[in-house]
Amino acid sequence: MESTEILKKINHIFATVLENREILLSRETIITNIKGWDSFSNIRLIMSMEKNFELKFNTFEIQSCKNIGDLCDTIQRKQP
Amino acid sequence: MYFNTTQYILFLPLVVILFYLTPFRFRWLLLLAASYYFYVCWRAEFMVVIIFSTMVNYFSAILIARNKTNKRNKKIFLTIALVINLGMLIILKYLGFINDFFHEIFGIIPAPTSPLLYLIAPVGLSYFTLQSLTYVFDTYYNLREPEKHPGIFALYVAFFPLILSGPIEQSTHLLPQFRDKARAKLKSVNIEEGIKLIIWGYFLKLVVADRTSIYVDAVFGNVDRHGGITFIAALILYSFQIYSDFAGYSCIAIGSARLMGFDVLHNFNRPYFSQSISEFWTRWHISLSTWLRNYLFNPLSYYFMRKLQKERYLKIIKPELLTYAIAASITFLMCGIWHGANFTFIIWGSLHGFYLIVDRIINKKGGNRVLNIIITYILVLFAWIFFRSENVHQSLTVIKAILTHPGSLYIPFDSDVVAPVYAVLGIFILLMVEVKREFFNNSFSLSGNKNEYIRMASYGFMIFLILYLGVFDASQFMYVKF
C-alpha cells in the first residue's frame, strides 16, 4: 500500500474513533497533540488500525512514533 | 544533602563553576563525583545499592543489545534485570509491610522479629530504579543503543539534581545530553532560566509548603479533637502543601540541571486547573504518570486487548472499555504502592483508578470549565485524605467528622498564629501566578518581561518574599520519602 493511501486510511480511522470528521492529518502531525487523543482513545485507535490494516503492533511500536509520518512508515513496514 | 540546606546553596554554584571550567571530555567525571558526593552526604552505606543497580542495568542492556536477534535470550536478560531491580525495591521498601500484611490478615506468618525486615529504603531508590528501568526497556524495544561508557551511564542513574525525587527522566531524552557538546556551552539564557526556576522552587517549598505544613500537621496530629470544617480547611491547605513541596522540589531540580545546560522534563503543569481526573494525571507528577503509561498501562492494555477481543460474553461491555478499566485499575494500584508501604497509599491510588473508570463510563464532554475544575479539585481533595493520613482508621475519622460533625474552625492562638496567615499569603501569590499562566498566558509578564531590569526586579522581589515569609528549618521534602 502506498504511503499516501495509508495516510488517507489513518485519517479516516482517527476521524471515526475520535468522533471528529474535520480532522486533517499530515505526516508532520504530532500524535499526542491531536485533540481527543488520550490513553483510552489510544487503545481504540490501535484496535481499529490493527483491524483495518490486518496487522499486529507490538507494545512499543506506536509509542516510538513521534508523528503520523512515523506511524505511516511503521504500518508500511509491517505490510505483508 | 537536601536542596533547602545551606550546604546545597554552596554546593550548586561550586559544581556549576567547575562544570564550565572543566574540559568537555572530563565533565561526566566531575558530575559523577559531585553526584556521588551529594548522595554520600545523606547515607554513605547506600552507595552500595546505587553502584549495584548501575552495574546490573549497564550489563543487562549490553547483553540485551547483543542478543537482538535471539528473542529468547533477550527476554531472559530483561527478566533478570526486572527481577533484580524490582527485587531490590521489594526487599528494601516493602518486606516489612508484606510480612505485617500476611501476619495480620491470614496469621500464616509469625509476628516479625527481625529488624532486617524493616530496612530503611535508600533515599531515591524508587526514582532511580524507575529511571534505570526506562533505559533497560528502551534498549529491549530497540528504541536506543546501549550506553557503552560506564561512567556516563552511572551519571544517568545518579545525576544529583534528579536522584532524590526525580523528575524520572527518559533514557532517550537525558542520556544523549551528556554527550552533546553544543548543549554544554555556557549560555546566559540557561543560567537565567535555571536561577528563575530555582527561585520559584524555593518560594513554593519554603513559603507555601513549609508554612501550610504547620497548620496541617497540627490538625492531622490530633484528629480526634477537630471537626469537619477544620479538616476541610486543613485538606485545602494540604493540597497546596503537597503540590508546592513537590513542584518546588522539581523546579529546583530542573533549574539546577538547566544551569549546566541540561533540559529536564517538567513534572507539573498547574494540576489543580484540570477539568477531569484524566487531565489531572497529565498535569500532576508528569514524569511518573508518563512512566506508568509507557511501561505499565500501555503493555497491560495490549495484553488485555488481545485477550478480551476473543471473548464472546463481552457483548454488553465494549472490550476497549473493559481493557481500559483493567489496565487503569492495575496501573493506579501500582501507583499507590509505589508511594509507600501503607494501605492509605493503596486506597489513594485505587481511588484515582476508580475515578478514571467512572469518568470514562460517563464520558461527559464539554460543560462549564470552572465547574469541571471545582468538581475535579474536590475529587482530588477527597483522595488526599487517605494520602495524608497515618492509617486507614485516621482517614475514616476525618471523613466521619466532615460528614457528621462540622465543629468550629481551629485557629491557633499561640505563636503559630502567623503561620496560617503567611501560608494563605503564599497560596494567594501562587494562585495569582497560576491563574495568569492558565488563563492569560499572553498578557503582561514580570519574570518573562523583555526588559531585563523588570525581570531582575521580579526575581529580587521573589527572593525578598522567600526571606521574609519562608521557613528555614531545612525540613525534608515530602516526596523524598517515596
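Predicted model: local features only at pLDDT ≥ 70, side-chain atom pairs only at ≥ 80, totals over all residues.
Residues are numbered from 1 along each chain as its sequence is written, chains are lettered from A in the order in which they are written, and side-chain values use heavy atoms, with hydrogens and water left out.

**Where the chains meet**

- On the two sides, 20 residues of chain B are in contact with 19 residues of chain A, contact meaning heavy atoms within 4.5 Å.
- The rule finds three salt bridges across this interface, a salt bridge being a side-chain nitrogen of Lys or Arg within 4 Å of a carboxyl oxygen of Asp or Glu.
- Glu50(A) and Arg306(B) meet through their side chains in a salt bridge, at 2.7 Å from N to O.
- α12(B) provides the largest share of the side of chain B that touches chain A, namely eleven residues.
- Helices (H or I, at least four residues) are DSSP runs, as are strands (E, at least two), and they are numbered from the N terminus.

**Helix α2 of chain A**

- This helix covers residues 39–53, and its 15 residues reach 21 Å from the first C-alpha to the last, close to the 21 Å expected at 1.5 Å a residue; the expected span is 1.5 Å times one less than the number of residues.
- Eleven of the 15 residues of α2(A) are buried, so the helix is largely enclosed by the rest of the structure. Buried means under 20% relative accessible area, exposed over 50%, and partly exposed in between (1.4 Å probe, protein chains only).
- Among the buried residues of α2(A) are Phe40(A), Leu45(A), Met49(A), Glu50(A) and Phe53(A).
- Their cover comes from both chains, including α1 (3–17) and α4 (68–78) of chain A and α12 (286–309) and α13 (319–339) of chain B.
- At the start of α2(A), a side-chain oxygen of Asp38(A) comes to within 3.1 Å of the backbone nitrogen of Phe40(A).

**Two loop residues with positive phi**

- Glu19(A) sits in the loop between α1 and α2 of chain A, and its phi is positive, about 50°, although it is not a glycine.
- Glu19(A) counts as exposed because its relative accessibility is 58%.
- Glu54(A) follows α2(A) and has a positive phi near 50°; with 69% relative accessibility, Glu54(A) counts as exposed.

**The nonpolar core**

- The largest nonpolar core has 171 residues, and Phe14(A) and Trp384(B) have the most contacts inside it. Such a core is a set of buried Ala, Val, Leu, Ile, Met, Phe, Trp, Tyr and Cys residues joined through side-chain atoms within 4.5 Å.
- Beyond its neighbours within four places in sequence, Phe14(A) touches residues including Glu19(A), Leu45(A) and Met49(A).

**A buried serine in chain B**

- Ser389(B) lies in the loop between α15 (369–388) and α16 (392–404) of chain B, and it counts as buried at 4% relative accessibility.
- Leaving aside neighbours within four places in sequence, Ser389(B) is in contact with Phe220(B), Thr344(B), Gln394(B) and Ser395(B).

How values were computed:
Polar contact = N/O pair within 3.5 Å; in protein donor to acceptor, adjacent residues only side chain to side chain.
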